[in-house]
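Hi,

Here is the structure I promised to pass on. Please have a look at it first, and then read on for my notes.

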Amino acid sequence: MQYITNPLFGVFLSLIVFLIGQWLFKKSKGFFLFQPLFVAMVLGIAILIILAKCFDVTTATVYAKAYKPGGDIIFWFITPATIAFAVPLYKRNDVVKKNWLVILLGLVFGTLFSMVLITLVAKAVGLDAVGIKSMLSQSATTAVAMPLTKAIGGNASVTAMACILNAVVIYALGKQLVKWFNLNSDPLGTGLGLGAAGHTIGSAFALEMGSIQGATAAVAVVATALVDNLLVPVFAHVIGL
Amino acid sequence: MKKEKTKSAPILVQMFIYAAILFVAQIISDLMPKSFPVPTPVIGLVLLYVLLTFHVIKVEWVDSFGSALISLIGFMFVPSGISLAANLKIMQTQGLQLIIVVIASTIILLVVTAYTTRFFSWVISKVTNSQLHVVDHKKVGDVK
């Protein structure tokens, strides 16, 4: 076990599973289930489960002792990378200045309608009250969503999982979703939607689609953090959870 | 967009700017009240945006390092994905329902936000267009 508690193990494992994902994605000519991030996640978890069996400890222990030290090093870079979205945002300042009212209204009401629909879906599949509460703040980034969930009485680690899966879903299905719902005809809304649904990953995805989409997605990441802080507690109170 | 012949700043200078903004953002984030958490990256994004808008920082001082960071974002989320290994217990009990709701929520957030925005931009363009017609009636007529 001592061989894998070095932080280099986590860095090494992350790189190798992601590279395998990229290779599979290229070989399969872009099959959506072979999105590098999704492959990396499934393979990485599988490897940790196998290691746990080998060392006869729980998977959570292997994760915390062996993977997390290295994983945290990579994870840390998300912070400067998120800050870097200020650059594409600044480059399309014209769009933001011209459309600030549409952006604001779209995000506030978009978040509100989404919360209503999410609650309905969650009730339909039979999630309990704690589960539903953990689903409400998904449009915010993990660092905002987790304390919010805790404040309204949900399970913060379920929310964290949801925020991660949001990114994976956008990464894997983004292209198809944009096509199916004919989103690309309106770059402003597409950018905001991608930022709200996929957070930082959604913004990177939006930036690949175009500079307007990328800029508005960055706005969405910032603004949903504030909008959710204000809306989620009120909404949870109103629907009486 | 203007096309200028500009040299990007050396990579260490760019790193320094990001590090400085991160440091200040961290301090501001710590000062926010517990009931209204705003994470460091969000404050940092706003901070860099404001500094760029007021031309305190030039875009070529932060552009190439920023693009490099953004291009690696898919990889940076690998540890978050693998961190689910620590929560396998929740997945065993309510996993299927949770995954269904999360996938549905992602699609809902994307589509509903996009279409709500489209609706408001339609409304606002209607309102401003009708005002423009009143004010610029002559101009519109001239074009025709």
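A definition to begin with: a residue is buried if 20 or more other C-beta atoms lie within 10 Å of its own, exposed if 12 or fewer, and partly exposed in between, with C-beta atoms placed from the backbone. Please bear in mind that this is a predicted model, in which local features need pLDDT of at least 70 and side-chain atom pairs count only at pLDDT 80 or more, while totals for chains, interfaces and linings use all residues. Residues are numbered from 1 along each chain as its sequence is written, and chains are lettered from A and ligands numbered from 1 in the order in which they are written.

On that scale, Ile11(B) counts as exposed because it has 11 C-beta neighbours inside 10 Å. Ile11(B) is part of helix H1 of chain B (helices are DSSP runs of H or I, at least four residues, numbered from the N terminus). From Ile11(B) to Phe65(B) is 54 residues in sequence, yet 6.7 Å in space between C-alpha atoms.

Chain B is assigned domain 1 (7-86) and domain 2 (88-129); such bounds come from an automatic or database domain assignment. The centres of these two domains of chain B, taken over C-alpha atoms, are 26 Å apart.

Now the interface. Contact here means C-beta atoms, placed from the backbone, within 7 Å, and 64 residues of chain B are in contact with 90 residues of chain A. On the chain B side, H6(B) gives the most, with 27 residues. By class, that side has 46 nonpolar, 16 polar and two charged residues (Ala, Val, Leu, Ile, Met, Phe, Trp, Tyr, Cys and Pro count as nonpolar, Asp, Glu, Lys and Arg as charged, and the others, Gly among them, as polar).

Lastly, two helix pairs in chain A. Axes are lines fitted to C-alpha atoms over the stretch in contact, with angles from 0 to 180 degrees between N-to-C directions.

- Helix H7 (residues 100-124) of chain A packs against helix H11 (residues 187-209) of chain A at about 45°, with the axes 11 Å apart. The contact residues include Gly106(A) and Gly110(A) of H7(A) and Gly189(A) of H11(A). They divide into six nonpolar, four polar and no charged.
- Helix H10 (residues 156-180) of chain A and H11(A) cross at roughly 120°, their axes coming within 8 Å. Among the residues in this contact are Tyr171(A) of H10(A) and Phe205(A) of H11(A). Here the division is nine nonpolar, six polar and no charged.

Best wishes
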